[in-house]
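I opened a new notebook page for this chain. I wanted to see how it is put together before picking out single residues.

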Amino acid sequence: MSDGIMKRMGLIFRSKANKALDRAEDPRETLDYSYQKQLELLQKVRRGVADVATSRKRLELQLTQLQQQSAKYEDQGRKALSLGREDLAREALTRKANMQSQITDLETQYQQLQAEEEKLTLASQRLQAKVDAFRTKKETIKATYTAAQAQTRIAESFSGISEEMGDVGLAIQRAEDKTAQMQARAGAIDELLASGALDDASGLGRKDDIEAELERVAGGSDVELELARMKAELTGGSPASGPQAIEQGRPQDTTPQQDTPRINYNK
C-alpha cells in the first residue's frame, strides 16, 4: 500500500473521529472540567503560599531563639568581665560572634522566604480573580448554550411538524387528484355505454330493438304534442290532446283520391 493511500486513510479516520468527538462533546461539561482544573491549580498555589509561610515562620522562631541566645552570651561576657574573668568574657563574646553569623544567614533566608511568600500571595490573588471571572463567564456560556439548545429543539420540533403537515397536504392532494381521475373515468365510461361505443358486459344497460323503437316513438309523440300546443297558442285556440293533436300536427295529404272502380258481379 502506497504512502498516499495511507495518508488519505489516516486523514479520513481523523476527520471521522473528530466529527464523532464533536457530536459527543458537550461545551458545558468542557467548561466545568476547565473550571475544576483551575480550582485545582488555585488550590496548589494556596498550598505553596501556606508552605512558604510555614517555613518563614519557622525561620522567624529560630532567628528569635538565636537572637535571645546571642543576648545571653553578651550578658554572660559582661558579668565575667566584671568578676575579673576576662577569659570567660572572651569565650562568651566568641560564641556570640559565631551565633551572630548564623543570625545573619537566617535573616537573609527569612527575607527571601518573605519575598517569595508575597509573590505567591499576589499570584494566588490574581489567579483567584481569574477563576472567579471564568466561573461567571462559564455560567453565562452554559446558560446561553442551554437556551440555544432549547430553541434548536423547539425549531426542530416545529420543522418536524411542518414536514409532517406538508406530507399530509400532499396525501390529501393525491387523494383529491385520484378521486377526480376516477370520477372522470366513470363519466367517460357512462358516456361510452350510453352511445353504444362500449358494450355493457353485465347486460343490465343493454336495450333490444323494440324497446329502442318504442322510446323513439314516445319521444316523437312528445315533440308532436308540444308542436300542437304552440300552434294552438298562436291561433288562439285550445290545443288538442292525444292522437288528435298528433294527427293535426301532421301535414295533410292534398293528393286527389281516385274512385275505386266497382265490379258488378250480377252480370
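Below are my entries, going from the whole chain down to a few side chains.

**Entry 1: the whole chain.** First reminder to myself: this is a predicted model. I looked up the secondary structure and found five helices and zero strands. Read from the N terminus, the order is α-α-α-α-α. Then I checked how much is tucked away: of the 267 residues, 13% count as buried. The chain exposes about 21,900 Å². Carbon and sulfur atoms supply 55% of that area.

**Entry 2: contacts along the chain.** I took the contacts between residues at least 6 apart in sequence and asked what share joins residues at least 24 apart. It came out at 70%.

**Entry 3: the nonpolar cores.** Which residues make up the largest nonpolar core? I listed eight: Leu59, Leu63, Leu66, Tyr73, Met99, Ile103, Leu106 and Tyr110. Helix H2 (27–82) and helix H3 (86–195) are the elements that each give two or more residues to this core. There is also a second, separate core of six residues, and Tyr35, Val49, Leu127 and Val131 are among them.

I then zoomed in on Tyr73, a member of the largest core. Skipping its neighbours within four places in sequence, I found Tyr73 in contact with Ala92, Arg95, Lys96 and Met99.

**Entry 4: Lys142.** I found Lys142 in helix H3. Buried or exposed, I wondered about Lys142? Its relative accessibility is 18%, so Lys142 counts as buried, because the cut-off for buried is under 20%. Leaving out neighbours within four places in sequence, Lys142 is in contact with Arg28, Leu31 and Asp32.

**Entry 5: Tyr145.** Tyr145 has its place in helix H3 as well. Here the relative accessible area is 29%, so I wrote Tyr145 down as partly exposed; that label covers values between the under 20% of buried and the over 50% of exposed.

What does Tyr145 touch, not counting residues up to four places away in sequence? I noted Asp26, Pro27 and Arg28. Arg28 had already turned up in my list for Lys142. I also looked up the spacing to Pro27: the C-alpha atoms of Tyr145 and Pro27 are separated by 8.0 Å, although the two residues are 118 residues apart along the chain.

Conventions. Residues numbered from 1 in each chain as written. Predicted model: local features only at pLDDT ≥ 70, side-chain atom pairs only at ≥ 80, totals over all residues. Heavy atoms only, no water. Core = buried A, V, L, I, M, F, W, Y, C linked by side-chain atoms within 4.5 Å. Buried < 20%, exposed > 50% of the residue type's maximum accessible area, 1.4 Å probe, protein only. Helix = DSSP H or I, 4+ residues; strand = E, 2+ residues; numbered from the N terminus. Contact = heavy atoms within 4.5 Å. Areas by Shrake-Rupley, 256 points an atom, 1.4 Å probe, with all protein chains shown as cover.
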